[in-house]
Amino acid sequence: MTTQNIEALRNKKAFICDMDGVIYHGNRLLPNVTEFVNWLINEDKKFLFLTNSSERAPRELAQKLARMGLDVSEDHFYTSALATASFLASQCPNGSAYVIGEPGLVNALYSAGISMNDYNPDYVVFGETRSLSYEKIERAVRLVSAGAKLIGTNTDLTAPSESGIIPACRAMISPIEMATGKQAYFIGKPNPLIMRHALKTLGCHRVDTAIIGDRMDTDIISGIESELDTVLVLSGVSTQETIKMFPYSPKYVLKDVGDILPD
């Protein structure tokens, strides 16, 4: 499904892999993923699962893959929650935040020295959550209007699930932006910040690394802007038809990660 030399891709020293739509949908492992991960390990490739999701900590993500039959240690995971926590700690050491999100985000912020504050925080931080309420939106609007800076963990409008497409961070934070007239600053892909964190974690140069993702608007543009070779797999959000909607192209277009494996 690509005209580029697949051997050049196989010879990369490191791979940054998205998770939703590349490795799994919800709690269902996608085809050929087990074989692909085994190939990465057997070939002694460096690899990092980089997810825009902020809901789970690396340990939980490792446990989730373990339940699906994949044994991957937690140091192979990096999330938008960790990148967000790192950014806030560098911008405002020992700052405070009102957080709308799941434990993965809250714990990452705590670990980075950010305290929880629903009265006069430095930041309002928003990540994916299934417990969003009007009360939380109302409080966030009030705090941002009073001067708190609005931070989103990622710009994903939607996410793939077992039952189809569901709303994600960018869609869910929009009522706060619209009500306050303030634009959020988003940390996850395609922000180059998270890509630099990923490369630093891998200890690898960009020319030796490829990024594999299922989204043109986050994964592929992240790779292009960070000068990595880009691999779009058609197992998630983007399709052959939607590729044409964008003014840039991935280097490789594959059915799924199994297409990377040698015959």
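Which residue does Asp 229 meet in a salt bridge? The side chain of Asp 229 meets that of Lys 251, at 3.4 Å from N to O. A salt bridge here is a side-chain nitrogen of Lys or Arg within 4 Å of a carboxyl oxygen of Asp or Glu. This is a predicted model: local features need pLDDT of at least 70, side-chain atom pairs count only at pLDDT 80 or more, and totals for chains, interfaces and linings use all residues. Residues are numbered from 1 along each chain as its sequence is written, and side-chain values use heavy atoms, with hydrogens and water left out.

**Overall fold**
- The chain has ten helices and 15 strands; these are DSSP runs numbered from the N terminus (helices H or I, at least four residues; strands E, at least two).
- The radius of gyration, taken over C-alpha atoms, is compared with a globule rule of 2.2 Å times the number of residues to the power 0.38.
- For 263 residues a compact globule would be near 18 Å, and the chain agrees at 18 Å.
- The C-alpha trace spans about 60 × 35 × 35 Å along its principal axes.
- Of the 263 residues, 53% count as buried. Buried means under 20% relative accessible area, exposed over 50%, partly exposed in between (1.4 Å probe, protein chains only).

**Salt bridges**
- The count comes to eleven salt bridges.
- Lys 189 and Asp 18 pair at 3.1 Å, N to O. Lys 189 sits in the loop between strand E12 and H8, Asp 18 in the loop between strands E1 and E2, 171 residues apart. Both Lys 189 and Asp 18 are buried.
- Arg 206 pairs with Glu 227, with the closest N and O atoms 3.4 Å apart. Arg 206 lies in the loop between H8 and strand E13, Glu 227 in the loop between helix H9 and strand E14. Arg 206 is partly exposed at 31% relative accessibility, while Glu 227 is exposed at 52%.
- Asp 229 is buried at 17%; Lys 251 is partly exposed at 33%. Shared partners join Lys 12, Asp 229 and Lys 251 into one network.

**Leu 202**
- Leu 202 lies in helix H8, residues 192–202.
- Its relative accessible area is 9%, so Leu 202 is buried.
- Beyond its neighbours within four places in sequence, Leu 202 has contacts (heavy atoms within 4.5 Å) including Ala 14, Phe 47 and Thr 209.
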